[in-house]
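Please open the model in your viewer and keep the sequence panel beside it. The tour below moves from one selection to the next and says what is to be found at each stop.

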Amino acid sequence: MPTTDLKTTVIKIGGSTLGAEDTTLEDVAALQQAGERVVVVHGGGAMITDWLDKMQVPSEFVDGLRSTSAEALNVVVAVLRGVINAQLVAQLGARGARAVGLCGVDGGLVRAERYDPRLGYVGQITGVNGELLTDLLDAGVVPVIAPIGLEAPDQPLNINADTVAGEVARAISAKHLVFLTDVDGLMDASGAVIDRLDATRAEALRAAGTIAGGMIPKVEACFRATEGGGLAIMANGRTPGTLRRIVDGEQLGTRIEA
Ligand SMILES: Nc1ncnc2c1ncn2[C@@H]1O[C@H](COP(=O)(O)OP(=O)(O)OP(=O)(O)O)[C@@H](O)[C@H]1O
Ligand SMILES: [Mg+2]
């Protein structure tokens, strides 16, 4: 049974928005200070690509997911857990939030297993320890999660951050799952942002190739998360105030409801 936590907002901060002149971290700190329960999951695709290039480790994408060799996995873990997670926790702390960084390995938070030989050390999620998160939330902490899973007994795996956010939201029955990315929402073939998306339309857009690349795991995660009754939103994290406005009930970006 999932742990019910209908007051929690899970926010996925896209690697694509990190370092942009936005207000996401201020908004997260303000939300926590206003008494909201907030979980942050972050990506880091662009920085990982950068470091893999610098270190001359080859990698390629298969259906929007990064195929990960043993060598690439070390870079993925180092960048996500070492660089980006520590930076985010420090920046949230500087803005007055009580944030604690962890990845899916910590406390067995995200259990996973390898599932596709083409992808190497990429995990699919088999379980999320929602209790660990609710304990942290009860203690007044903002958990900041790097998307690395644990394959029993001791193998870290690379997992798409959108997928982690979706499964985390589902495990704790979060009220809101907000994807902050570098576009205004999911766009149709003409480039117009889709306000509301249902499963039938998503299927058609996917078949037509309109939902592509990084949007594939995001849309899948939205539907996974909303099966439990919550609301998922994909919006532009680079626009100041986006998170605040969403939590205040404004209709921004693309919404997916069960
Ligand atoms: N139909 C679509 N509508 C909008 N964006 C789309 C669509 N199909 C593909 N995309 C691409 O998806 C990108 C967003 O996903 P991407 O994985 O790059 O960012 P992210 O998930 O926010 O960051 P990270 O993967 O680092 O966490 C957009 O910049 C856009 O290029
Ligand atoms: Mg992505």
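A residue counts as exposed when its relative accessible area is over 50%, as buried when that area is under 20%, and as partly exposed in between. Keep in mind throughout that this is a predicted model.

Select Gln-56, which sits in the loop between α2 (45-54) and β3 (60-62). Is this residue buried or exposed? Its relative accessible area is 70%, so Gln-56 is exposed. As background, most residues other than glycine have a negative phi, and most peptide bonds are trans.

**Second stop: two further backbone features**

Move on to Ser-173, in the loop between α5 (161-171) and β11 (176-181). This residue also is not a glycine, and has a positive phi, of about 45 degrees. Its relative accessible area is 16%, which is under the 20% limit, so Ser-173 is buried.

Then select Ala-152 and Pro-153, which are joined by a cis peptide bond with omega at about 0 degrees. Pro-153 is placed in the loop between β9 (148-151) and β10 (155-158).

**Third stop: the whole chain**

Zoom out and show the chain as a cartoon, in which there are 8 helices and 13 strands. The radius of gyration is 17 Å, close to the 18 Å that the globule rule gives for 258 residues, so the chain is as compact as a globular protein of that length. Along its principal axes, the C-alpha trace spans about 45 × 45 × 40 Å. Of the 258 residues, 51% count as buried. If you display the surface, the chain exposes about 11200 Å², and carbon and sulfur atoms supply 50% of that area. Where contacts link residues at least 6 apart in sequence, 73% of them join residues at least 24 apart.

Centre the view on ligand 1 and display the residues around it. Which of the 19 residues come nearest? They are Lys-12, Thr-181, Asp-182, Thr-210 and Lys-218. The shell as a whole divides into 5 nonpolar, 10 polar and 4 charged residues.

An N or O atom in the side chain of Lys-12 lies 2.6 Å from an oxygen atom of the ligand, and a polar side-chain atom of Thr-181 is 2.7 Å from an oxygen atom of ligand 1. At Ala-212, by contrast, a polar backbone atom takes part, at 3.2 Å from a nitrogen atom of ligand 1. Taken alone, ligand 1 exposes 640 Å², of which the protein buries 76%.

Select Asp-116, in the loop between β6 (110-114) and β7 (123-128). Despite its place in a loop, Asp-116 counts as buried, at 15% relative accessibility. The side chain of Asp-116 reaches the backbone nitrogen of Arg-118 at 2.9 Å.

Now follow Arg-118 to Ser-67, where a polar side-chain atom of Ser-67 lies 3.0 Å from the backbone oxygen of Arg-118. Ser-67 belongs to strand β4 (residues 65-67) and counts as buried, at 14% relative accessibility. Beyond residues up to four places away in sequence, Ser-67 touches Ser-59, Glu-60, Val-62, Arg-118 and Leu-119.

Select Thr-242 in helix α8 (residues 242-247), a buried residue with a relative accessible area of 5%. Neighbours within four places in sequence aside, Thr-242 is in contact with Asp-27, Leu-180, Ala-235, Asn-236 and Leu-252.

Finish at Gly-253, in the loop between α8 and β13 (254-257), which is buried with a relative accessible area of 18%. Its contacts beyond four places in sequence are with Asp-184, Val-193, Ile-194, Asp-195, Met-234 and Ala-235. A distance drawn from Gly-253 to Val-75, C-alpha to C-alpha, comes to 32 Å, and the pair is 178 residues apart in sequence.

Conventions. Residues are numbered from 1 along each chain as its sequence is written. Chains are lettered from A and ligands numbered from 1 in the order in which they are written. This is a predicted model: local features need pLDDT of at least 70, side-chain atom pairs count only at pLDDT 80 or more; totals for chains, interfaces and linings use all residues. Side-chain values use heavy atoms; hydrogens and water are left out. A residue is near a molecule or strand if one of its heavy atoms lies within 4 Å of it. A polar contact is a pair of N or O atoms within 3.5 Å; within protein, one must be able to donate a hydrogen and the other to accept it, and residues adjacent in sequence count only if both atoms are side-chain atoms. Accessible areas come from the Shrake-Rupley method with a 1.4 Å probe; for residues, only the protein chains shown count as cover. Ala, Val, Leu, Ile, Met, Phe, Trp, Tyr, Cys and Pro count as nonpolar, Asp, Glu, Lys and Arg as charged, and the others, Gly among them, as polar. Helices (H or I, at least four residues) and strands (E, at least two) are DSSP runs, numbered from the N terminus. The radius of gyration is taken over C-alpha atoms; the globule rule is 2.2 Å times the number of residues to the power 0.38. Buried means under 20% relative accessible area, exposed over 50%, partly exposed in between (1.4 Å probe, protein chains only). Contact means heavy atoms within 4.5 Å.
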